[in-house]
Amino acid sequence: MKSLGHILAIIQKDLLTELRNKEIIMSMLVFSLIVVAVFNFTFDPGSEQMQKTAPAILWVAILFAGNLGLSRSLSREYENGRMQGLLLCPMDRSLIFVAKVIGNIFYMGIMQMVTVPVMIVLFGVTIGSFAGLLVLILFLGTLGFAAVGTLFSTISANTKSREIMLPILMFPVVVPIILAATKSTAGLMNGDPAGHIWAWMKILIAFDIIFTVACYLLYEHVLEE
Amino acid sequence: MIDVRTLSKKFGAKKALDNVSFTIEQGQYVALLGVNGAGKTTLIRLLATLARPSAGYIEIAGFEQKKEQQQIRRCVGVMTHDSFLYADLTAEENLHFYGRMYDVDNLQDRATDLLKSVGLITRRHDKTRTFSRGMLQRLSLARAVLHQPPVLLLDEPFAGLDVNAADMLKQLLDSLIARECTLLLSLHDIDYALQNSTRTFILKQGKLIIDSATKELHHDQVRKALAVP
């Protein structure tokens, strides 16, 4: 119960900070909407090409906007030595990872709640009665991305060139997650057989489990000097 | 209360601490003196479990640093150059956050009492980004003692403070000493150390060259020990 209290305290503190300065959510939202808007003007409205590339554009927007949010979410913790303040607290340091992953999923979820409907309208994508499945795919993709991103943004937050280091370190590792998430989303948006979608979703779930557990176990070691 | 044996810390080839040993009894007020780079901050970081020793043994309040880090963290309060405070949270919200992390009972009352004692009760609803350096130091001390730790590790707490803020901080430290709190302060102010501490450590190039009762030390002796060759 104490662990849950510590996780909640960190999440509440992060959300309160974000509510006051809005720097993470706003930067992610602006970036993702610009990506969707730019690609919308590139293709002919309602074209088959536009429909086929929509899932990839969506995940590119999530990937790069998420990178912005992850970087800020952890670098904020290193100002005024706040991370040391957290490390001094009498708790399992892996709880910081859990709280940060949940917080990052929340920020990215807000961004997706705006970006995805805008994209569906602009690109004329039909998801029919599979909205729930799309939400599940988005969640699974975001979970794996946030887990890997939280670990690597903690590593890069302590470096001088953190904005450059984070994507260089993180993007190669999250490729399997983004690939599986894009393929699952494409299967859904292009009306592929359910079996095809599930095959990619199983891969996505497997990578989520592997990466989340690995990052959780590694996090305490990353925090040490 | 603090038992340190043959403690060493290396950063690459450089020895930041070299074979340091000492014990500090409960209620002692120890001034840690040394020039910049002598190893004061490294020693405090090691005691606070913020870094791992390269060699040696640390025990605080009966807990071994290698095996019982969480218990040690519960027993120590730490104040460094950094305030650890969140600029977008108010003074009260900062104390509430850290209070939850330390499972402090009666948190609301405890935070209010501390804000009164550090003279920030009227600013409790203000974001800490509006605070001066002295106010941040006082709030940082309140954060460090929030969970009533028996051991306080303070790294240059007077750095950057004006006379009034320094006086207030000194009064706060006096009240902690009166409560039998064990204090280890890294300082540059020789006069303050000689007037207030019960014991003095002098670190030089990572080595503990003086460990003495403060009353047995003279200003010139300390100055000579601190002189850079």
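Student: How many salt bridges are counted between chain A and chain B?
Tutor: Glad you started there; keep in mind that this is a predicted model. The side chains of A:Arg20 and B:Glu93 meet in a salt bridge, at 2.6 Å from N to O. That lies inside the 4 Å limit of the rule. Between chain A and chain B, the count is one salt bridge.

Student: Which helix gives the most to the side of chain A that touches chain B?
Tutor: Two helices of chain A, H1 (2-21) and H4 (82-87), each supply at least two residues of that side. With twelve residues, the one that gives the most is H1(A).

Student: How many charged residues does the side of chain A that touches chain B have?
Tutor: Chain A brings 28 residues to the contact, and chain B brings 30. By class, the side of chain A that touches chain B has ten nonpolar and nine polar residues, and its charged residues number nine.

Student: What area do chain A and chain B bury between them?
Tutor: A handy starting point is that the size of an interface is often given as the accessible area lost when the parts come together. For chain A and chain B, 54% of the buried area is on carbon and sulfur atoms, and the total is about 2700 Å².

Student: Which elements give two or more residues to the lining of the second largest pocket?
Tutor: Let's look at the pocket itself, with about 270 Å³ of space. It is lined by 17 residues, and those closest to its centre are B:Arg110, B:Val145, B:Leu176, B:Arg179 and B:Cys181. The elements that give two or more residues to the lining are, in chain B, helices H4 (107-117), H5 (133-145) and H6 (163-178).

Student: Where do A:Lys52 and A:Glu48 both lie?
Tutor: A:Lys52 and A:Glu48 form a salt bridge, with their closest N and O atoms 3.6 Å apart. The two residues are four residues apart, about one turn of the helix, and both lie in chain A's helix H3 (residues 48-78).

Definitions and conventions: Residues numbered from 1 in each chain as written. Chains lettered and ligands numbered in written order. Predicted model: local features only at pLDDT ≥ 70, side-chain atom pairs only at ≥ 80, totals over all residues. Heavy atoms only, no water. Contact = heavy atoms within 4.5 Å. Buried area = accessible area lost by both parts, 1.4 Å probe. Nonpolar A, V, L, I, M, F, W, Y, C, P; charged D, E, K, R; others polar. 1 Å grid on protein atoms, 1.4 Å probe; cavity = no way out; pocket = protein on both sides within 12 Å on 5 of 7 lines; lining within 4 Å. Points joined across faces, edges and corners; volume = space filled by probe spheres on them.
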